[in-house]
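Please read the following note beside the sequence and the structure. The points are numbered so that each can be answered separately.

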Amino acid sequence: MTEFTVTPPPIPAAGRQSLLRRLLRKPVALVSIGFLAVVAVVAVVGRAVSPHDPYTSSLDLVLAPPGAEHPLGGDSAGRDVLSRLLTGTQISIGAALLALAVALVLGVAGGLLAGYYGGVFDTVSSWLTSLVMALPAIIVLLAARAALGPSIWVSMTIFGVLMSPAFHRLVYASVSAVRHELYVDAARVAGLSDLRIIGRHVLWVVRAPIIIQSAIVMGIAIAVQAGLEFLGIGDLAVPSWGSMLNDGFAQIYSTPILMLWPALVIALTSMALVLVANTARDELERVSPRRGRRRRAAEWSAPQVSEPAAIVHADAGDRPEDVLLHVRDLVVGYDQDDGGIKEVVRGVSLDIRRGEVHGLIGESGSGKTQTAFSVLGLLPAGGRVLAGSIDFGGVELVGASERVHAAVRGRRIAYVPQEPMSNLDPSFTIGSQLVEPMRVVAGLSKKEARARALDLLARVGIPDPQRTFSSYPHQVSGGMAQRALIAGAVSCDPELLIADEATTALDVTVQAEVLDLLRDLQEERGMALLLVTHNFGVVADLCDRVSVMQSGRIVETGPVETIFSAPQHEYTRALHAAILDDSTPRGALSPREVSAP
Amino acid sequence: MGNFLLRRLLSGVVLVFTISLLAFTLLYANSENIARRILGQNATAELVDRKTEELGLNRSLPQQYIEWLTNALQGEFGKSWFTGEQVTTGVTSRFGVTLSIVLGATIVAAVVGTLLGVVAATRGGRTDSTVQVFSVLGFAIPGFLVALALVLLFSIRLGWFKATGYIPITTSFTGWLTSVTLPITALALATIAVVAQQVRGSVVDGLGRDYVRTLRSRGLSERRVITKHVLRNAGGPALAVLAVQFIGLLGGAVIVEQIFAIPGLGQLAVSATVKADIPMVMGLVVATAVLVVIVNLVIDIAQASLNPKVRLS
């Protein structure tokens, strides 16, 4: 009685045999399949094993309580309830199977035609689908009953038509997906007929999702059929689960137990079908049962073997009070499904001084971004700081509460992401995304915040600030979006700006401009800038100090001149060599001449 | 945006028109059958002929349809063959009752489903598993069985609510509320499950989005990020689900009205169907189709107001 949204189940990786076997290993699925098997057996032999004739009335048996001769008693017309239940199973299951068969044939055939041939088939079938979905099934069935009479078989045939979109969409989606696959082309070139291609390469792929969908459609058909009979518009003499429910409902004040048996079989059968479908879908998606984000964290113990220390090049005039961000022995790990922990940052120590530009360089996967996220307290789900300390201007951030982090974020530490487009909320204007933090975090009035946002947009080099302010993210270019993100990051005057590969996603010409902008803003505001990058050119161009990261550790750190003129660690040398290889041959190179690409 | 809505409106009109044509063909195709159904199996052929002529069923089907359509366009849907009641009055007088229940269930399902979905997505762990189990059960158990269980438990056993008897909202709001509490609960349960599942998925997905991290990095609180940004972006898909669910609720109401003896469209539909009161059935089908088209339009407008890409196109 409820319309269901149909999402195509995933394409299976393994065959049906193994799926069934896998299902039988799950207790929920095992019990459900067992129950359905019993129902199936009863549906076949129910009539034959009925102890009494389900149609014969006996005055003695009217609303009779359960007894030895009639284990479930008698109904309002004096018929044996058990016999009606057994025989009714045959009719109810048979009727639901009819609906399923009609839906399968129409849906699969339509989906194959529309998906494989496209064109007119496609248009017509999608229009028919929306037509069929436009009315509640029960209204259509009532209208059909008014025109065609009370036959359950007619109703279920029509219901099958109404449910066919469930299969149509599934098959259509799969067919459109594989139609242009190379192996289908190859089969066509090899001269296989369309029929064989469809059968072998298309239907075979969607067979498991179709079976799952069948279970769901079967459940809905059973419910709808029972609902129709319950309304009393079917042939009430014929025993079926729904008509028995109808009879019980009429006696709800005197003998409500009559409703129990049919209600129980309907509910259990529907549930078993949905549970089997759900478990099968989970199996196909290979999703292990979600343990939730707050599962008990795995134990982590510090490794016994100490990591080699980073090579530190000291520079003159280093005073401890200059240090703004003081990271010591930071270890970051992700909980794994097997209960272990994968370490992505392994003992990073990093000092960032007030007003300096610090480059954090290394190849992708070396742990740069994870280090940056740890400082912001924004590690993705499953990740956490396992050990070490992050001291930001006297505030310890490791283990700090969300409130402490929230107070530091935006106001004191800000962040410019890598990919501009995905980092703006598509549902809000750029202006409102700039104004919101200024009002909430810095407590500006709406007017002040707006004026400041426009100033900032102008400052970051956006030609028409007013227009960009009222634009949505999808209306501006990537370069503009990145400038807007930079404006947002500096809007609450942070002391430290973390730029995570802030130019990687941009056009080459725009990259240089954005880097210039970052440096200008940094100088103007005297803020520290942590530049996370894999590009040595960027480092050379902008940074005062550099830390080189490899496999979760910092291998070398020091002033940019030292790192360039006298790299000690072989990895730094390798990175260095890579950039030399990239640049055009010139005379002797001094580090400052290596410009951003 | 205006263009978009106009197109949707137009396709809605075409849809209603097509449905009326199909329904008319189905219902009026076998005129002899209709007369016999009214008069009973023992009626003589002569009587059947006379009835057929009286109802105008002896004319060709296209002729009959054009006449019906001309009248329908003027708001005239004919009279019931049995009670003589105007179809238009019959439908409109019961329309509000059904609508109040179905809209009530839709709103309850939207609110409760969203809450459950958000809680499941943000809390995780046991809360999440509980919501998941509830979703599967709510999806699997037919709504009218839930309605029957509610009647048995709360009306007959506990006597908290009256099992039957509808009080119009215009008579007494609290009276209406107590008379629709159980029906709405029974109707809404499955939709709550579906909405919760959808919202949970969208919120889990949304929380992993890059822009959510960036908004957090600006110092916005978790609560603010979820209520303002994550939920706003989850709204679109949830509304699409709700549009489909509304049609299901309308169908569910037919059965639930029967259980709670609520004098709505469902009751009218069942009695008209059993008697083969064709003009009434026809009016009901058209009314339902129009309602579905209107609801879809409203959802389209809501979608557009949530999604700037739709709004600005």
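1. B:Arg216 is buried, with a relative accessibility of 17%; buried means under 20% relative accessible area, exposed over 50%, and partly exposed in between (1.4 Å probe, protein chains only). B:Arg216 forms a salt bridge with B:Glu222, and the closest N and O atoms are 2.8 Å apart. A salt bridge here is a side-chain nitrogen of Lys or Arg within 4 Å of a carboxyl oxygen of Asp or Glu. B:Glu222 is partly exposed, at 28% relative accessible area. Elsewhere, salt bridges with shared partners join A:Arg353, A:Glu356 and A:Arg545 into one network.

2. The model is a predicted one, in which local features need pLDDT of at least 70 and side-chain atom pairs count only at pLDDT 80 or more, while totals for chains, interfaces and linings use all residues. Residues are numbered from 1 along each chain as its sequence is written, chains are lettered from A and ligands numbered from 1 in the order in which they are written, and side-chain values use heavy atoms, with hydrogens and water left out. The predictor assigns the complex an ipTM of 0.86 and a pTM of 0.83. For chain B, the average pLDDT (the predictor's confidence in each residue, from 0 to 100) is 87, and 99% of the residues score at least 70.

3. Over all chains, the structure holds 22 salt bridges. One of them pairs the side chains of A:Asp493 and A:Arg525, at 2.8 Å from N to O. A:Asp493 lies in the loop between α16 (478–490) and β8 (496–500) of chain A, and A:Arg525 in helix α17 (residues 508–525) of chain A, so the pair ties together parts 32 residues apart in sequence. Helices (H or I, at least four residues) and strands (E, at least two) are DSSP runs, numbered from the N terminus. Both partners are partly exposed: A:Asp493 has a relative accessible area of 47%, and A:Arg525 one of 30%.

4. In chain B, a salt bridge also links B:Arg59 and B:Glu67, with 2.4 Å between the closest N and O atoms. B:Arg59 is partly exposed at 31% relative accessible area, and B:Glu67 is partly exposed at 37%.

5. Which residues of helix α11 of chain A are buried? They are A:Lys368, A:Gln370, A:Thr371, A:Ala372, A:Phe373, A:Ser374, A:Val375 and A:Leu376. Because 8 of the 9 residues of this helix (residues 368–376) are buried, the helix is largely enclosed by the rest of the structure. Just after α11(A), A:Gly377 takes a positive phi of about 70 degrees.

6. A:Gln336 is found in the loop between β2 (323–335) and β3 (341–353) of chain A and is partly exposed, at 31% relative accessibility. The C-alpha atoms of A:Gln336 and A:Gly383 are 9.7 Å apart in space, although the two residues are 47 residues apart in sequence.

7. B:Leu115 has its place in helix α5 (residues 87–123) of chain B and is exposed, with a relative accessible area of 56%.

8. The domain assignment of chain A gives domain 1 (17–51 + 73–285) and domain 2 (323–578); such bounds come from an automatic or database domain assignment. The centres of the two domains, taken over C-alpha atoms, are separated by 54 Å.
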